[in-house]
Amino acid sequence: MSEFNPRIGEISQIAPDVRRIVAPNPSPMTFRGTNTYIVGTQQLAVIDPGPHDTTHLRRIIAALGDGRLQAILVTHAHLDHSPLATLLSKITGAPIMAFGDASAGQSDIMRDLAASGDIGGGEGIDAAFDPDIYLTDGEVIQTTDFRITAHHTPGHMANHMCFQWDDLMFTGDVVMGWASSLVSPPDGDMGQFMATLDRLETIPSRQYFPGHGAPVDAPHARLRELRDHRLMREAAIIDALSDTPMTVADLTARLYADTPTALWPAAGRNILAHLIALSQRGQINSDTGFSADAIYRMAPKFVESPTA
């Protein structure tokens, strides 16, 4: 991963008719920064304009050159991906296109948990995001320069979309090479995330261009790695709860003992997402619902009976 260290703000040609500009927002959660992609030659699309940063905006405008921006595509409504879309649209007149606002696509259980107010979450949400055009799953955006298919791919966030151009897939934050995705309820949903991995594996792709980090050159192998990682984490949670009931904090300390503690809050959100998914399958429960302080235990029918 250290090999991916592009100059911030530099316009890089990464494929025929695809250029990348990395935004100046590096962090433990964004790696080197947000990847903004420009697709096409004269009739252009920008994918993920990035955070509200006027320097990055000027670089995008410069990269457009004499081309005409036809579409501003946003993978999801997080503050490192979507806010600059509004300014870019005002300057160019191009419409903002996405699945919907920050809550679009939420599953019923996540909508109920969000309404309860006990679940936390909301990290980095762009609550003001509201696209001009709401894209449907499978919708095609086409010009003389490109034909892009929008795929609804919830999991990291409910309104997440991936954008397919020929055999290339722009995957936002749902599939990256340098790290696994944060799945933080109620904005993220582990059940949706696993279904998205399965679905992406059915779409032939030569390369993934993620929202952060380097291109993924073996996309289907990466999908299997991510699935195996989540199943391993789920198995570890079940193993821990088979010993004794635990809180999210207990599970985080046990399962992420070798991870820097600064990353434990994000790890805890992933664990909570797994707990909700396990609960939906009837494998675990909690007497006090879902929250950071709740105590989780194996459901009685999944607890092994003592041998005679």
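Colleague: What covers the buried residues of α4 (residues 190-201)?

Modeller: This is a predicted model, to begin with. The cover of the buried residues of α4 includes the strands β10 (161-165), β11 (168-172) and β12 (207-210), together with α5 (219-243) and α7 (264-280). The residues being covered are Met190, Gln192, Phe193, Met194, Thr196, Leu197 and Leu200.

Colleague: How do you know that the length of α4 agrees with that of a helix?

Modeller: The expected span is 1.5 Å times one less than the number of residues. For the twelve residues of α4 that should give 16 Å, and the end C-alpha atoms are 17 Å apart, which agrees.

Colleague: What makes Asp189 a cap for α4?

Modeller: A side-chain oxygen of Asp189 lies 2.9 Å from the backbone nitrogen of Gly191, at the N-terminal end of α4. The cut-off for a polar contact is 3.5 Å, so the 2.9 Å of this pair falls within the limit.

Colleague: Why is strand β2 (residues 18-22) described as largely enclosed?

Modeller: Five of its five residues are buried, so the rest of the structure largely encloses β2. Val18, Arg20 and Val22 point one way from the strand, Arg19 and Ile21 point the other way, and all are buried.

Colleague: Which strands pair with β2, and how many bridges join each pair?

Modeller: Strand β1 (residues 12-15) runs antiparallel to β2 and is joined to it by three bridges. Strand β3 (residues 35-39) also pairs with β2 in the antiparallel sense, over five bridges. Pairing requires at least two bridges, so both counts meet the rule. As for who faces whom, Ala15 stands opposite Val18, and Ile21 stands opposite Thr36 in β3.

Colleague: What lies between β1 and β2?

Modeller: Two residues, and the two strands form a hairpin. Asp17, in the turn, has a positive phi of about 65°.

Colleague: What is the strand order in the open sheet of five strands, and which strands stand at its edges?

Modeller: The order is β8-β9-β10-β11-β12, with mixed pairing. β8 (140-142) and β12 stand at the edges: each has a single partner strand, so one side of each has no neighbour in the sheet. On average, neighbouring strands of this sheet are turned by 25° against each other, direction ignored.

Colleague: How are β9 (residues 147-152) and β10 joined?

Modeller: Five bridges join them, and the two strands run antiparallel. In one of the pairings, the partner of His152 is Met161 in β10.

Colleague: What makes His160 count as buried, and where does it lie?

Modeller: His160 lies in the loop between β9 and β10. Its relative accessible area is 0%, and buried means under 20%, so His160 is buried. A polar atom of the His160 side chain lies 3.5 Å from the backbone nitrogen of Val174. Beyond its neighbours within four places in sequence, His160 is in contact with residues including Thr75, His76, His151 and Asp173.

Colleague: Where is Thr143, and what does its side chain reach?

Modeller: Thr143 is in the loop between β8 and β9. A polar atom of its side chain lies 3.0 Å from the backbone nitrogen of Asp145. Leaving aside neighbours within four places in sequence, Thr143 is in contact with Gln43 and Gln70.

Colleague: How many aromatic pairs are there, and why is the pair of Tyr37 and Phe170 called edge-to-face?

Modeller: The count comes to six aromatic pairs. The ring centres of Tyr37 and Phe170 are 5.1 Å apart and their planes stand at 65°, so the pair is edge-to-face; the cut-off for that label is over 60 degrees. The pair links distant parts of the chain, with Tyr37 in strand β3 and Phe170 in strand β11, 133 residues apart. Tyr37 is buried at 3% relative accessible area, and Phe170 is buried at 1%.

Colleague: Why is the pair of Phe290 and Tyr296 called stacked?

Modeller: The planes of Phe290 and Tyr296 are at 25° and the ring centres 6.2 Å apart, so the pair is stacked; that label needs planes under 30 degrees apart. Phe290 counts as buried at 16% relative accessibility, and Tyr296 is buried at 0%.

Colleague: Which residues do ring pairs link into a cluster?

Modeller: Phe4, Phe31 and Trp178.

Terms used: Residues numbered from 1 in each chain as written. Predicted model: local features only at pLDDT ≥ 70, side-chain atom pairs only at ≥ 80, totals over all residues. Heavy atoms only, no water. Buried < 20%, exposed > 50% of the residue type's maximum accessible area, 1.4 Å probe, protein only. Helix = DSSP H or I, 4+ residues; strand = E, 2+ residues; numbered from the N terminus. Contact = heavy atoms within 4.5 Å. Polar contact = N/O pair within 3.5 Å; in protein donor to acceptor, adjacent residues only side chain to side chain. Axes fitted to C-alpha atoms, helices over the stretch in contact; angles between N-to-C directions. Phe/Tyr/Trp six-rings, centres within 6.5 Å; stacked < 30°, edge-to-face > 60°.
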